[in-house]
Amino acid sequence: MESNITIINRLQGVIANCLSDLFDPSERFALLDFPNHYNIGDSAIWLGELAYFDRKRTRPSYVTEIPTYDEERMLGAIGSGRIFLHGGGNFGDIWAGYRQFREGMLDKHKGRPIVQMPQTIHFKEQANVDSTARAIERHGQFTLLVRDQRSLEFAQRWFQCETRLCPDMAFCIGPVARPTPQHELLLNLREDQEVGAAQDLTAATLRPGTVKSDWPDEPADFQRQTKHAAILKGLLTGRIGGRARMTELAYRERAQQRFDRGVALLGSARQVITDRMHGHIMCVLLGADHCVLDNSYGKTSSFIQAWDTCNSDKAELAATVDGALAILDARRVAPATAA
């Protein structure tokens, strides 16, 4: 068994080794596909990517979300530098738009090194696999980082590029201080198209002190408020700059506030049951007592299997909510018995 600190340090070491020859701190580069939406897990990944670059004492020269991508601005900012694509769980055809953007970048920048930060691969349609494979083959300088063995085997079968197994970049954030719990149990369960098998929540929700929440919605003025906060912080720290710099600061502020919202949620209870991969990863960063359920296509269980992130006395993969309750109950009883 490992402590959460040991798990975090171990995976940060793997990430550093994996990226060591894919990144030159003296080179200008782009980081594309900022996740400007409510999914806190994607913001955790973005912050982890920035934390990795921060440790190298550099930052992206150009950042953008997909709808605001500007080819001319990017080329002006990075010259002949390489392109990094944001990691996550959208390498495939479950979530619309990401595959088309990725293939478009490969076609526009043939021969320029492009690095896909750690992703999980899942396609439903063979035609989409073939389309991505053709784009990768035409490009010729694509490096694909994947988060689990199944994705690695899939990529090695279908794609003509270098593929490496690499942990999720959120681990580069490092340990996070845990808030004082206000509840006994949090059910952090998905409400989107990746939700897994139907669960009976009766026993859990009837318990005193149980709260249920997926990632919370954004405040109504979130975009404006975070832009103003980024400008103020830039002025106070002397890091104010041109449009590219201010965009990077605004994205950083949005990702940080979303992540902090997730920390507040996951830290609000003494124990957590989550079916979100980053519910699990953030619980590891927090050192929180939790159980994990899988998503619809095995993304989370495959990740845990690849990196042994449940190798502690505070995390375990469970098949059902009732099974998770039994595990968490046994953990509460164990310290009392030992005492």
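Guide: Let us begin with Y69 and F101, both of which are buried. This is a predicted model, where local features need pLDDT of at least 70, side-chain atom pairs count only at pLDDT 80 or more, and totals for chains, interfaces and linings use all residues. Residues are numbered from 1 along each chain as its sequence is written, and side-chain values use heavy atoms, with hydrogens and water left out.

Visitor: What does "buried" mean for Y69 and F101?
Guide: Buried means under 20% relative accessible area, exposed over 50%, and partly exposed in between (1.4 Å probe, protein chains only). Y69 and F101 both fall in the buried class.

Visitor: How many aromatic pairs are there by this rule?
Guide: The count is 20 aromatic pairs. Rings of Phe, Tyr and Trp (its six-membered ring) pair if their centres lie within 6.5 Å; planes under 30 degrees apart count as stacked, over 60 as edge-to-face and the rest as tilted.

Visitor: Why is the pair F23 and F84 called edge-to-face?
Guide: Their ring centres are 6.1 Å apart and their planes stand at 65 degrees, so the pair is edge-to-face. F23 and F84 are both buried.

Visitor: And why is the pair Y69 and F101 edge-to-face?
Guide: Here the centres are 5.7 Å apart and the planes at 80 degrees, so this pair is edge-to-face.

Visitor: Which residues do ring pairs link into a cluster?
Guide: The cluster consists of F23, F29, Y52, F53 and F84.
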